[in-house]
Amino acid sequence: RDEHEALMLAISVKRLVFDTKSKSISFSPTFVYSKSRFSHFYESAEPYWGQPPHAARQDSRAYSAQLPLILAFKDIGVNCSATFGYSQFSADAKFKVSGTYPDVVMQSFSYGPYDILSFSLNANYPMNLGRLKIIPELGYSVFTLVKHEDDLRGSLTGGIGIALNWPQD
């Protein structure tokens, strides 16, 4: 009976700034807004001290601005990107803080806003299989909270994109 709702809106433009037979360079500024609501529903087979079921919830919001520099090596078919980013995250929550007494106590909490700086390097290699394009990607990202620069974190990233090649007339 848990519920989760999420919405994300991303706006991006891409601008080619350098192009030769062997390589190209582009910028692609991106702005993202996201919000989510998670509601956890507590319900037991036994009566909860005569109390009805209670729900906890968390509402979160995030804003992000990213500036990727994209380098395409046309001869070998590899694309690389370096991305600088800034994000802000905040959340409001309401949770049950007592679960062993007849009176269920709900308490509200607020988190943030947290300012986050990030940098990532990625590479991908698109492979055409007829009308299907498979795009494996591998990268590494580092990020830190703005007021905690001594707490730099890193993460290996990866994924596989799938695209359709449309015939061109």
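Modeller: Let us begin with burial: a residue is called buried under 20% relative accessible area, exposed over 50%, and partly exposed in between, with a 1.4 Å probe and only protein chains counted. K74, for instance, is partly exposed, because its relative accessible area is 39%. Please keep in mind that this is a predicted model, in which local features need pLDDT of at least 70 and side-chain atom pairs count only at pLDDT 80 or more, while totals for chains, interfaces and linings use all residues. Residues are numbered from 1 along each chain as its sequence is written, and side-chain values use heavy atoms, with hydrogens and water left out.

Colleague: How many helices and strands does the chain have?

Modeller: Helices (H or I, at least four residues) and strands (E, at least two) are DSSP runs, numbered from the N terminus. By that rule the chain has ten strands and zero helices. As for burial, buried residues account for 18% of the 169 residues in the chain.

Colleague: Which way do strands β2 and β3 run relative to each other, parallel or antiparallel?

Modeller: Two strands count as paired if DSSP finds at least two bridges between them. Strand β2 (residues 15-19) and strand β3 (residues 23-27) run antiparallel and are joined by four bridges. The two form a hairpin, with three residues between β2 and β3, and R15 stands opposite F27 in β3.

Colleague: And how should I read a salt bridge, for example the one that K74 forms?

Modeller: Side chains of opposite charge can pair when their charged atoms come close. The cut-off used here is a side-chain nitrogen of Lys or Arg within 4 Å of a carboxyl oxygen of Asp or Glu, and the structure holds four such salt bridges. In one of them K74 meets D19, with the closest N and O atoms 2.4 Å apart. Because K74 lies in the loop between β5 and β6 and D19 in strand β2, this pair ties together parts that are 55 residues apart in sequence. D19 counts as partly exposed, at 46% relative accessibility.

Colleague: Which residue does D92 meet in a salt bridge?

Modeller: D92 meets R61, at 3.2 Å from N to O. D92 lies in strand β6 and R61 in strand β5, so the pair ties together parts that are 31 residues apart in sequence. D92 is partly exposed at 29% relative accessibility, and R61 is partly exposed as well, with a relative accessible area of 25%. A further salt bridge joins the side chains of R153 and D151, at 3.0 Å from N to O.

Colleague: How many aromatic pairs does the structure hold?

Modeller: A pair of aromatic rings is described by the distance of the centres and the angle of the planes. Rings of Phe, Tyr and Trp (its six-membered ring) pair if their centres lie within 6.5 Å, and planes under 30 degrees apart count as stacked, over 60 as edge-to-face and the rest as tilted. The structure holds two aromatic pairs. In one, Y33 and Y63 are tilted, at 5.2 Å centre to centre with 45° between the planes. Y33 lies in strand β4 (residues 30-42) and Y63 in strand β5 (residues 54-73), so the pair ties together parts that are 30 residues apart in sequence. The rings of F84 and F119 have their centres 4.9 Å apart and their planes at 45°, so this pair is tilted. Because F84 lies in strand β6 (residues 78-98) and F119 in strand β7 (residues 105-124), the pair ties together parts that are 35 residues apart in sequence. F84 counts as exposed, at 55% relative accessibility, whereas F119, at 27%, counts as partly exposed.

Colleague: Is S141 buried or exposed, and why?

Modeller: S141 counts as buried, because its relative accessibility is 17%. This residue is found in strand β9 (residues 132-145). Contact means heavy atoms within 4.5 Å, and, not counting residues up to four places away in sequence, S141 touches F119, S120, R153, G154, S155 and T157. Two of these names have come up already: F119 in an aromatic pair, and R153 in a salt bridge.
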